[in-house]
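User: I am new to reading protein models. Could you take me through one, feature by feature?

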Amino acid sequence: HRDLHSFPTRRSSDLEGVSEVSSVTESYRKVPYDIRTAKQIERRMLLESLQLLAEGGFPISEYQYTGFGSIHFVDFILLHRFLGITRMLCAEHSLKIKKRMEFNRPFKTVDVRMKSATEVIPTLASQSKHILWLDYDGPVERAHLDDLALAGTYLSSGSILAVTIDVEAPGDDSDGAREWRDYFVNQAGPLVGDATEIQDYAESLLIRRNIEILERSIASGLAGRKGIQFLPLYCFWYADGHEMLTLGGMVADANDAKKLHESKVPNLFYIRRDFKREPYRISPPVLTRKERLYLDAFMPCALGYTPSDFELPSDEVAAYRELYRYCPLYAELLI
């Protein structure tokens, strides 16, 4: 896995004129959501952990899933097929694709609402348990943080909350760390904590700043709730183009915290019970289909194993050994 000091910078000016209102990026027109390898690995890890939560006494199949399906609805399809979740709500704030959303709705149990997360979160039933995934495709904005605070306020105990954001350096890099500091201070305000100096926003520290801001935003929503805490579970860092971060966990009272602790979920290698730990880096090696089929026959291989029939560094074999159960295998189907 790459360490935090290899964090790249985005060279673009698509954030000029950022306002307090979340922008519409229309990434659904550019990104094939169903074939993003690292994203698919992340989804499969989330599914595995939710399956283990179900084994641990959480009624996951009865939860309501709320997320951003775009026109692809990938998460909705997986959660329904693999976890049996039928209560699903898709929020979409762009009225320009209303018909496409309705046309591509995969199951009749998916409730498509042409509203923002800010509008939807306060309507989530307090007597139900939820999986809420705020899967944004841009850098952290004030609106995202407001949504997280709302989630912390409204989600019932036992609910799962996750948020995904773009963690590449915002702006056009014309002024480096000073520009990045100003961006985060403008968007997050007091949620930046003590990180107010320019040196706090060196490129290698940006992902840590994002984690801290997101965690504080959730905590701000929980501030008025007695006996409720947010228990960290997920901190994924990956790239299928842009560098992305997913942070998540469980809103829990003492009883749900005990059940979570006694489940098998904390033993999963990618789980992060403390956000101070380095994120789990999802970085699958680039292999041909033939190479993968060959390696699969030896999985899980012994540590230090390398194939004899082709060249592959031991660190890439080790990376595949860790991820092979979650890696999607794509093939072209000619009809």
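User: In which loop is serine 204 found?

Analyst: Serine 204 lies in the loop between α6 (176–188) and α7. Helices (H or I, at least four residues) and strands (E, at least two) are DSSP runs, numbered from the N terminus. This is a predicted model, where local features need pLDDT of at least 70, side-chain atom pairs count only at pLDDT 80 or more, and totals for chains, interfaces and linings use all residues. Residues are numbered from 1 along each chain as its sequence is written, and side-chain values use heavy atoms, with hydrogens and water left out.

User: Is serine 204 buried or exposed, or something in between?

Analyst: Start with the cut-offs. Buried means under 20% relative accessible area, exposed over 50%, and partly exposed in between (1.4 Å probe, protein chains only). Serine 204 has a relative accessible area of 22%, so it is partly exposed. Now compare sequence with space. Serine 204 and alanine 169 are 35 residues apart in sequence, and their C-alpha atoms are 9.9 Å apart in space.

User: How do I read two packed helices?

Analyst: Two packed helices are described by the angle between their axes and the distance between the axes. Axes are lines fitted to C-alpha atoms, for helices over the stretch in contact, and angles run from 0 to 180 degrees between N-to-C directions.

User: At what angle do the axes of α5 and α7 cross?

Analyst: Helix α5 (residues 142–154) and helix α7 (residues 206–222) cross at roughly 40 degrees, and their axes come within 6 Å. That makes α5 oblique to α7. Angles under 35 degrees count as roughly parallel, over 145 as roughly antiparallel, 65 to 115 as roughly perpendicular and the rest as oblique.

User: Which residues of α5 and α7 make the contact?

Analyst: Contact means heavy atoms within 4.5 Å. From α5 come Leu145, Leu148, Ala149, Gly152 and Thr153. From α7 come Ile213, Leu214, Ser217, Ile218, Ser220, Gly221 and Leu222. By class, the contact of α5 with α7 has seven nonpolar residues, five polar and no charged. Ala, Val, Leu, Ile, Met, Phe, Trp, Tyr, Cys and Pro count as nonpolar, Asp, Glu, Lys and Arg as charged, and the others, Gly among them, as polar.

User: How far apart are the axes of α1 and α2?

Analyst: The axes of helix α1 (residues 37–55) and α2 are 11 Å apart, and the two helices pack at about 35 degrees. Among the contact residues are Leu47 and Leu50 of α1, with Leu78 and Phe82 of α2. The contact of α1 with α2 has seven nonpolar, two polar and two charged residues.

User: Now a strand. How many residues of β5 are buried?

Analyst: Seven of the seven residues of strand β5 (residues 160–166) are buried. Check both faces. Ile160, Ala162, Thr164 and Asp166 are on one side, with Leu161, Val163 and Ile165 on the other.

User: Which strand is joined to β5, and by how many bridges?

Analyst: Two strands pair if DSSP finds at least two bridges between them. Six bridges join β4 (residues 130–139) to β5, and the two run parallel. Leucine 132 stands opposite leucine 161 in β5.

User: What should I note about the backbone at serine 70 and phenylalanine 73?

Analyst: Look at phi. Serine 70 has a positive phi of about 50 degrees, though it is not a glycine. Phenylalanine 73, also not a glycine, has a positive phi of about 60 degrees. Serine 70 sits in the loop between β1 (64–67) and α2 (74–83). Phenylalanine 73 is in the loop between β1 and α2. Serine 70 is buried at 11% relative accessible area, and phenylalanine 73 is buried at 0%.

User: Where is the cis peptide bond?

Analyst: The cis bond joins methionine 299 and proline 300, with omega about -5 degrees. Proline 300 is in the loop between α9 (289–296) and α10 (314–323).
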